[in-house]
Amino acid sequence: MKKKLNELKQLKGVGEVLSRRLVEAGHDTLAKVVAAGEEGLKKVQGVNQRLIPAILEQAGLLAGEGRPSKAQKVEGLKRQAASLKSQVQGVALRVRENFQEEIAGKAGKKVEKQIMKVIASLEKVGGNLETRVKKAGKGMAKAEKSLAILAAAGLADIGKGLKKARKSLKKV
């Protein structure tokens, strides 16, 4: 049992509790996690919905070839960059819908400027993926955390969160 738990804990986003829940649900090996797919993992309590594709990708790589090749890592990072870009665009739409009056002011202009800078940084990171795989992955992970917090934030906090996400990407 402990060996199965440790095998599942190799996956990023899966800790002690989640690995135990996966085993209880019958997904006690990496191959079974891959076979369960998105629908199977959604049924397990405590699985972060946004992490399911990454968990499946990691489980597939670990169950199959062992370590992913550089090309596979780059492809995964490209998907992550596209996901981040759509998150930023979602934040932009939410800002336009929820803060119509404030957007005309100084804070609104700052937020729009930060949105444009984050998108430009993501495009720049996309160009550096081939040469800076590890650093790009870390920067995008930090940016993703910063963007996730913005779901229920006010206009000023959105501006700060975008700035923090941009800084994470700028280091790449």
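Visitor: How many helices and strands does the secondary structure of the protein chain come to?

Guide: Heads-up first: this is a predicted model, where local features need pLDDT of at least 70, side-chain atom pairs count only at pLDDT 80 or more, and totals for chains, interfaces and linings use all residues. Residues are numbered from 1 along each chain as its sequence is written, and side-chain values use heavy atoms, with hydrogens and water left out. Helices (H or I, at least four residues) and strands (E, at least two) are DSSP runs, numbered from the N terminus. On that basis the protein chain comes to nine helices and zero strands.

Visitor: What percentage of the 172 residues count as buried?

Guide: Here buried means under 20% relative accessible area, exposed means over 50%, and partly exposed is in between (1.4 Å probe, protein chains only). With those cut-offs, the buried share of the 172 residues is 38%.

Visitor: Among contacts between residues at least 6 apart in sequence, what percentage join residues at least 24 apart?

Guide: A contact is heavy atoms within 4.5 Å. Take the contacts in the protein chain between residues at least 6 apart in sequence, and the share joining residues at least 24 apart is 60%.

Visitor: Are α3 and α4 roughly parallel or antiparallel to each other?

Guide: Axes are lines fitted to C-alpha atoms, for helices over the stretch in contact, with angles from 0 to 180 degrees between N-to-C directions. The axes of α3 (residues 30-42) and α4 (residues 52-63) come within 8 Å and cross at roughly 165°. Angles under 35 degrees count as roughly parallel, over 145 as roughly antiparallel, 65 to 115 as roughly perpendicular and the rest as oblique. The α3 and α4 pair is therefore roughly antiparallel.

Visitor: What distance separates the C-alpha atoms of Lys12 and Ile55?

Guide: Lys12 is in the loop between α1 (2-8) and α2 (16-24), and at 59% relative accessibility Lys12 counts as exposed. Leaving aside neighbours within four places in sequence, Lys12 is in contact with Ile55, Gln58 and Ala141. Lys12 and Ile55 are 43 residues apart along the chain, yet their C-alpha separation is 6.8 Å.

Visitor: Which helices do the buried residues of α8 pack against?

Guide: Helix α8 (residues 133-148) has 16 residues and reaches 22 Å from first to last C-alpha, close to the 22 Å expected at 1.5 Å a residue; the expected span is 1.5 Å times one less than the number of residues. Its buried residues include Val133, Met140 and Leu147. The buried residues of α8 pack against α5 (70-98), α7 (106-128) and α9 (155-170).

Visitor: At roughly what angle do the axes of α8 and α9 cross?

Guide: α8 and α9 are roughly antiparallel to each other. Their axes come within 8 Å, and the crossing angle is roughly 175°.

Visitor: Which residues is Ser146 in contact with, leaving aside its neighbours within four places in sequence?

Guide: Ser146 lies in helix α8, and counts as buried because its relative accessibility is 7%. Beyond neighbours within four places in sequence, Ser146 is in contact with Gly161, Lys164 and Ala165.
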